[in-house]
Amino acid sequence: MARIIVVTSGKGGVGKTTTSAAISMGLAKKGHKTVVIDFDVGLRNLDLIMGCERRVVYDIINVINGEATLNQALIKDKNCNLLSILPASQTRNKDALTLEGVEKILEELSKDFKYIVCDSPAGIETGAHLAMYFADDAFVVTNPEVSSVRDSDRMLGLLSSKSRRAERGEEPIKEYLLLSRYSPERVKSGEMLSLDDVQDILSLHLLGVIPESKSVLTSSNAGTPVILDEKSDAGQAYADIVARYLGETRPHRFIDEKSGFFRKLFGGK
Amino acid sequence: MTINSHSFPAVEFKSSTFSVPVLSIASNDLILIQQLLDEKIKLAPEFFKHSPVVVDLGEVNKKQLALDFEDLATVIRKTGLFTIGIRNSNEAQQAQAISLGIPVNTAPTSDVRVENRKPKPITAPADDEFVTNDSTTVTITKPIRSGQRIYSFGDLIVLAQVGAGAEILAEGNIHVYGTLRGRALAGVQGNTEARIFCSDLQAELISIAGNYKISDDIHGAVANTPVQIYLQKNTLVVKPII
């Protein structure tokens, strides 16, 4: 059985798609057959970040409507053959997604793949609801600012009440915090919430802190997931996150300037 | 032209939910009950006019006071209220109610309810995040998130934080053993004796029996200190517990 991961946040622009691209690539690079699904029907960004926008023929809505098979719609990633992408439709709106349709797709993908990463759209409407409904794990992407934290809190509430696991009374969705666009300098100068401030409100299991980094934008524009840029701090942060998710113990980095510098000097002990 | 009577059903059963006030009786002194009811109704005569009520005899039966339901029903009727059901009643009272044409609710008091109408939205039966101590107390052990609402027919105990934008309501007392950032409303059915206890008060709103204070009116000095909130002459008092 595949493990279904939803990457969600409530608020837009916090790095859900960047995260989805990075962790799905990370999981595939670790040897797990992974598929990443773009649930942002109507906007379609994931294929751009994955650099496969020119190879999109069919999309998730075509599959739901029976106009294409799943295999026709899946795009094999050019960097890693264990990774596939199921793109969103740009010409439809979110109402074209149905619960039954999504369930059928996930069931079929579960037979073939080890991890299914669902890139949720912003907001708490149909698209976001369907992206998280069948999830086993939730990666809650949060920026260190109040409205993002508040929206994440709201999303966590929905995860614990409006998901299939909650409705069936099964073991709840495992929730993880990914704090993105973190800048220790700005935390120090009081412009940004600190990790402690965020955890004070959300009290979640921290999977990793992703530092604010130029490489995210460069990678996005180049159409390669940032995790492939092994030299960049954001790429390393995502690699840590994937490793931690898979059960490795790695010390947290990028939380304050000093420890980052320190570890660089001594190569992480 | 006659309407074809088969084109639409003349009778149809539908399921619907109503919010009905519950009148809890804790004494068998009918004169006293009538006095108190009259006083209450005088406060909002329009609201209570022909209002349906469900009579809860749990308290009076717990005290083992003999109460003749027929007499009580007459007293209630005199005040203009309609008794549409009884609950927590004993067999004799049930027989009387049936003979008066008043339905008897024998189901256990709907003790635990979470407002969004999911039977158990935040629980997996295996772990004890959602425990009922007795028939009316609700205990929550997981953080209450923004946008969530929890309702307790009795006391509410929260062993975690209550997020900003969350709302907790109880007909009895509220205890929060974490940071309270959302809204907390105790005594929502008018129990002025209800209190709110919390270990760190940063609430958006606190209310007891409809008397409320918003965060701006709660002095910041009490943050990080365990406090209790109670009603004194219709004013909310926020005081350290010890």
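Rings of Phe, Tyr and Trp (the six-membered ring for Trp) pair if their centres lie within 6.5 Å; planes under 30 degrees apart count as stacked, over 60 as edge-to-face and the rest as tilted. By this rule, 6 aromatic pairs are found over all chains.

This is a predicted model, in which local features need pLDDT of at least 70 and side-chain atom pairs count only at pLDDT 80 or more, while totals for chains, interfaces and linings use all residues. Residues are numbered from 1 along each chain as its sequence is written, chains are lettered from A and ligands numbered from 1 in the order in which they are written, and side-chain values use heavy atoms, with hydrogens and water left out.

**View 1. An aromatic pair in chain A.** Phe139(A) and Tyr176(A) form an edge-to-face pair, with 5.7 Å from centre to centre and 85 degrees between the planes. The pair links distant parts of the chain, as Phe139(A) sits in strand E6 and Tyr176(A) in strand E7 of chain A, 37 residues apart. Helices and strands here are DSSP runs (H or I of at least four residues for helices, E of at least two for strands), numbered from the N terminus.

**View 2. The open sheet of chain A.** Its 8 strands follow the order E3-E4-E2-E5-E1-E6-E7-E8, with mixed pairing. At the edges are strand E3 (75-76) and strand E8 (205-211) of chain A, each pairing on one side only. Two strands pair if DSSP finds at least two bridges between them. Take E2 (residues 34-38) and E4 (residues 83-86) of chain A, which pair in the parallel sense over 4 bridges; here Ile37(A) stands opposite Leu86(A) in E4(A).

**View 3. Helices lying across the chain A sheet.** Helix H5 (residues 99-112) of chain A lies across E1 (3-8), E2, E4 and E5 (115-119), running at about 145 degrees to E5(A). Helix H7 (residues 146-159) of chain A lies across E1, E6 (137-142) and E7 (174-182), at about 165 degrees to E6(A). Axes are lines fitted to C-alpha atoms (for helices, over the stretch in contact), and angles run from 0 to 180 degrees between N-to-C directions.

**View 4. H1 meets H12 in chain A.** Helix H1 (residues 16-29) and helix H12 (residues 233-245) of chain A pack at an angle of about 60 degrees, with their axes 9 Å apart. H1(A) and H12(A) are therefore oblique to each other; angles under 35 degrees count as roughly parallel, over 145 as roughly antiparallel, 65 to 115 as roughly perpendicular and the rest as oblique. In contact (heavy atoms within 4.5 Å) are Thr18(A), Thr19(A), Ala22(A), Ile23(A), Gly26(A) and Leu27(A) of H1(A) with Tyr238(A), Ile241(A), Val242(A) and Tyr245(A) of H12(A). By class, this contact of H1(A) with H12(A) has 7 nonpolar, 3 polar and no charged residues. Ala, Val, Leu, Ile, Met, Phe, Trp, Tyr, Cys and Pro count as nonpolar, Asp, Glu, Lys and Arg as charged, and the others, Gly among them, as polar.

View 5. E2 (residues 52-56) and E3 (residues 82-87) of chain B share 5 bridges, and Val53(B) has Thr83(B) as its bridge partner in E3(B). The axes of H1 (residues 30-43) and H4 (residues 69-78) of chain B come within 10 Å and cross at roughly 20 degrees, so H1(B) and H4(B) are roughly parallel to each other.
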